[in-house]
Amino acid sequence: MQTLAHSGSGRAIAARPAPHRPRAQVVVGALLVAIAMLAPPPTLARDAVEIINSLCVACHGLDGNPPATAFPRLGGLQAEYIEKQLLEYARGERQNPSMQPFAEGLSRIEMRALAAHYSTQRPGPGVVTNPQLVERGRQVYHEGNRETGLPACAGCHRPDGTGTPRSVFLAGQNAPYVFDQMRLFANEERTNDRGRLMRTVAARMTEEEMRAVAEYIASMR
Amino acid sequence: MIQVYKKQLLWLAVLVPMVMTTLAVAERPKQPRAPGIESPDYVWNEMRGEMLQALRATGDPIRGEISFDVCAGCHGFGAEGEDDGSYPRLAGQHASVLIKQMTDVRAGRRDNPKMYPFAADHVITTQEVADIAVFLAALPVTPDNGKGPGSDLARGEELYRQDCESCHGAIGQGSGAKFYPRVSGQHYEYLLREARMIRDGERRNANPEMVEVIEDYSDADLAIVSDFMSRLPLE
């Protein structure tokens, strides 16, 4: 209250009877209107490219192709998938201390705009970091492991890695990122998978299988 | 007062996620165990529960193909299974049989810890069970299934005509109405494995009539008759 009175805000002025000073009110009012017109209210959704340039570009690039393979490529991923991940980062349902603060600052409309932007970008060629593992990974991806009951990744993610509305697009995804995610699923640290399917699958994989399949996925185009 | 509550809330905020995490780990999908053939009041193919619901549902083969993605990783896109019998063929099986087997796995009457996490109700709804079943029933059965060694097909046929034909049919076509599976086109190793498990009481959703018929079969008899079944002609 004290600060209000000292700042001479419109409300404090209006509360005072000042019949001989009507001009001050008009001037203050006009100023407020002018300020309101100049500065857009912060609640309005920002444009996707504007958000990306201020928040996302350093790690994911404007076209979804990140500068380092530890970060996921976003180009071509299903919009529904990207939006779901952003929402769950914000809610802490997909735990990630780096992503959470960015996601928390986004409105639902902004999340949808970002998802639409990245899903329509053309993914660049994948980066294979360990070519010797690709053939072994191809076998795991297309055949699974009958001994351990590991299903072929191709079942849900499709033979070409393009996924379905229920399973994410994988082709060309960065190997270190894919490997990290499989580890997180296996350890029950990432828990936002449909029907616990990825947690079940990853828990049946050896580290060797995870590394190999991640390299094969990176090689897919 | 508010300060005191705040302290308690803080404790809750720390403890609740800890407990939830523990529960989440403990919640790994473990197949339930329902009474089966070992139980004195076991009724084979009892028309109740989810099986009855799924049988009454109208299956949609187009939706079934979409839902089948979680099965395709093992059974193959054409549901052809694996020649070595590690995964059975599902293509062309009677929808009623598929519904019975899926709901038996879901309820824990047929033990299959490998399949359970992909077929349980946190992945597939009862409607999807019906959808998948009609999708699979309409898939073509091809003659490239895994076959046995072909060492004594005459004896195999003799056993089949004597003990199996009355239920599984002259050409192994089974019966959808009676929930008897089609055995033609099935992989030899799978037929043999299941026959052994049925004889030995390990397949807990087995038909007691069948157990009685094959209880005196030797492993060699089972192999010979399975071999014959794997070579039955496809209609």
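How much accessible surface does chain B have, and what share of it belongs to carbon and sulfur atoms? The accessible surface of chain B comes to about 12,300 Å², and 59% of that belongs to carbon and sulfur atoms. These areas come from the Shrake-Rupley method with a 1.4 Å probe, and for residues only the protein chains shown count as cover.

A note before the views: this is a predicted model, in which local features need pLDDT of at least 70 and side-chain atom pairs count only at pLDDT 80 or more, while totals for chains, interfaces and linings use all residues. Residues are numbered from 1 along each chain as its sequence is written, chains are lettered from A and ligands numbered from 1 in the order in which they are written, and side-chain values use heavy atoms, with hydrogens and water left out.

**View 1. Chain A is built from 12 helices and zero strands.** Helices (H or I, at least four residues) and strands (E, at least two) are DSSP runs, numbered from the N terminus. Of the 221 residues in chain A, 41% are buried; here buried means under 20% relative accessible area, exposed over 50% and partly exposed in between (1.4 Å probe, protein chains only). Look at the contacts with a separation of 6 or more in chain A, and 65% of them come from residues 24 or more positions apart. Contact means heavy atoms within 4.5 Å. The accessible surface of chain A is about 12,300 Å², with 60% belonging to carbon and sulfur atoms.

**View 2. A:Val49, A:Val57 and A:Leu62 make a nonpolar surface patch of about 180 Å².** Patches are made of residues with over 30% relative accessible area and no salt bridge; like charges are joined within 9 Å, and nonpolar side chains (Val, Leu, Ile, Met, Phe, Trp, Tyr) within 5 Å. You will find A:Val57 in helix 4 (residues 48-60) of chain A. A:Val57 counts as partly exposed because its relative accessible area is 32%.

**View 3. Chain B meets chain A through 24 residues of chain B and 26 residues of chain A.** About 1,900 Å² is buried between the two chains, and carbon and sulfur atoms give 54% of that area. In chain B, the most area is lost to chain A by B:Asp69, B:Phe77 and B:Phe118, together 29% of what that side buries. Buried area is the accessible area (1.4 Å probe) that two parts lose on being put together, summed over both.

**View 4. The rule finds five salt bridges across the interface of chain B and chain A.** A salt bridge is a side-chain nitrogen of Lys or Arg within 4 Å of a carboxyl oxygen of Asp or Glu. The side chains of A:Arg194 and B:Asp69 form such a pair, at 3.8 Å from N to O. On the side of chain B that touches chain A, helix 1 (2-26), helix 3 (61-67), helix 4 (69-75) and helix 6 (116-119) each supply at least two residues. Helix 4 of chain B gives the most, with five residues.

**View 5. B:Val211 sits in helix 10 (residues 208-214) of chain B.** Chain B has 11 helices and zero strands, and 45% of its 235 residues are buried. B:Val211 counts as buried because its relative accessible area is 15%. Leaving aside neighbours within four places in sequence, B:Val211 is in contact with B:Ile37, B:Ile198, B:Arg199 and B:Ala206.
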